[in-house]
Amino acid sequence: MNQRAGQTLNIDDLNSPHVDRLSDLIAEQIQELLVSQDLPVGARLPGERELAERLGTSRPTVNQALRKLALMGLVEIRRGSGVFAIREPQSPITESIKLMLNLAEDSVNHLADLRLSLELWGITKAIENPAGLDTGPAEAALAELRNSTSGVAEWISADTRLHVEIIRLSGNPYLTAVFESVHAVLVSRQYQQWIDEGVTPKWLEMHRVEAQMKLHEPILEAVKHRDLERGRVAILQHHNELVEHLVHDSEGRAGYDAAHPRKR
Ligand SMILES: [Zn+2]
């Protein structure tokens, strides 16, 4: 026996598993059920209370799991009426990018840079696209964005749809797919506190929606008028705002409502 045999494991650094992990596990389970039971689009999920009882956990934890599923495009949370199955699952590209970001949290600005390059390239291609531009889907997404002030989940999906529909006008399906994934991961980072705690980001409160619309409308307008310079300016403005939210997010959540301080 060597003299270190009497030594024991130092467990000072052990922590009880975080509630985040619990909601991940719950989200994974519900995801598996949604897939294995082939639930049709629009089918209603059991209520939070029933799920919490079944899982022996708290409603906030279940709520957090449901918000994760909403961001994954698997359910839609309709305020006041419940949670419903949808089928807009994340692509493997999204999963890979998310994993990379989780492994290197400080790489978020690189991801934002990539998003900016893809969006600039996308609208350049769209504006130069010799085919007629069918801006109908993008216009519908813009209208949806304006009407989605009732909840963060609705806002996120309308915002993603708008940006993606604009890039789709480039005519390059690979660009569209990669852009969608990069955007989705960044946006989910932007809304992290909403996922964690259900707190609406301060910059998305009702009275600021107009400011948000002013960031989005000019992008589509520029594409419609095939005005690359205006488009670049609009995209850079939107990008700066996005980066500011990400920066605030990593600097003590300054971008969020101080009345709901982060629990960690
Ligand atoms: Zn946006």
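A residue is called buried if 20 or more other C-beta atoms lie within 10 Å of its own, exposed if 12 or fewer do, and partly exposed in between, with C-beta atoms placed from the backbone. By that criterion, 30% of the 264 residues of the protein chain count as buried. The model is predicted: local features are reported only at pLDDT of at least 70 and side-chain atom pairs only at pLDDT 80 or more, whereas totals for chains, interfaces and linings use all residues. Residue numbers start from 1 along each chain as its sequence is written.

**Whole chain**

Begin with the whole chain in cartoon view. The secondary structure comprises eleven helices and two strands; here helices (H or I, at least four residues) and strands (E, at least two) are DSSP runs numbered from the N terminus. Followed from the N terminus, the order is α-α-α-β-β-α-α-α-α-α-α-α-α.

Next, colour by pLDDT, the predictor's confidence in each residue from 0 to 100. The mean for the chain is 84, and 88% of its residues reach 70 or more. Select helix α5 (residues 108-128), where confidence is highest at a mean of 96, and then helix α9 (residues 192-197), where it is lowest at 72. Over residues 252-264 the pLDDT is below 50, and this stretch has 19 contacts in the model beyond near neighbours in sequence. Where pLDDT is low, the predicted coordinates should not be read in detail.

Two residues are in contact if their C-beta atoms, placed from the backbone, lie within 7 Å. Among contacts between residues at least 6 apart in sequence, 68% join residues at least 24 apart.

**The nonpolar core**

A nonpolar core is a set of buried Ala, Val, Leu, Ile, Met, Phe, Trp, Tyr and Cys residues joined through C-beta atoms within 7 Å. Select Leu 69, Ile 166, Val 182 and Val 223: of the 50 residues in the largest such core, these touch the most other members. Helix α7 (residues 152-168) supplies the largest share of this core, nine residues. At least three residues come from each of domain 1 (22-85) and domain 2 (92-259), with bounds taken from an automatic or database domain assignment.

Now centre on Val 223.

**The hairpin**

Move to strands β1 (residues 75-78) and β2 (residues 82-85), which run antiparallel and are joined by four bridges; strands pair if DSSP finds at least two bridges between them. Glu 76 stands opposite Phe 84, and Arg 78 has Gly 82 as its bridge partner. Three residues lie between the strands, and Gly 80 takes a positive phi near 85°.

**Three further residues**

Select Arg 189 in helix α8 (residues 173-190). Arg 189 counts as buried because it has 21 C-beta neighbours inside 10 Å. Its C-alpha atom is separated by 7.3 Å from that of Leu 246, 57 residues apart along the chain.

Finally, inspect two loops. Most residues other than glycine have a negative phi. Asp 38, in the loop between α1 (19-36) and α2 (48-55), has a positive phi of about 50° although it is not a glycine. With 8 C-beta neighbours inside 10 Å, Asp 38 counts as exposed. Arg 226, in the loop between α10 (209-224) and α11 (228-250), also has a positive phi of about 50°. Arg 226 is partly exposed, with 14 other C-beta atoms within 10 Å.
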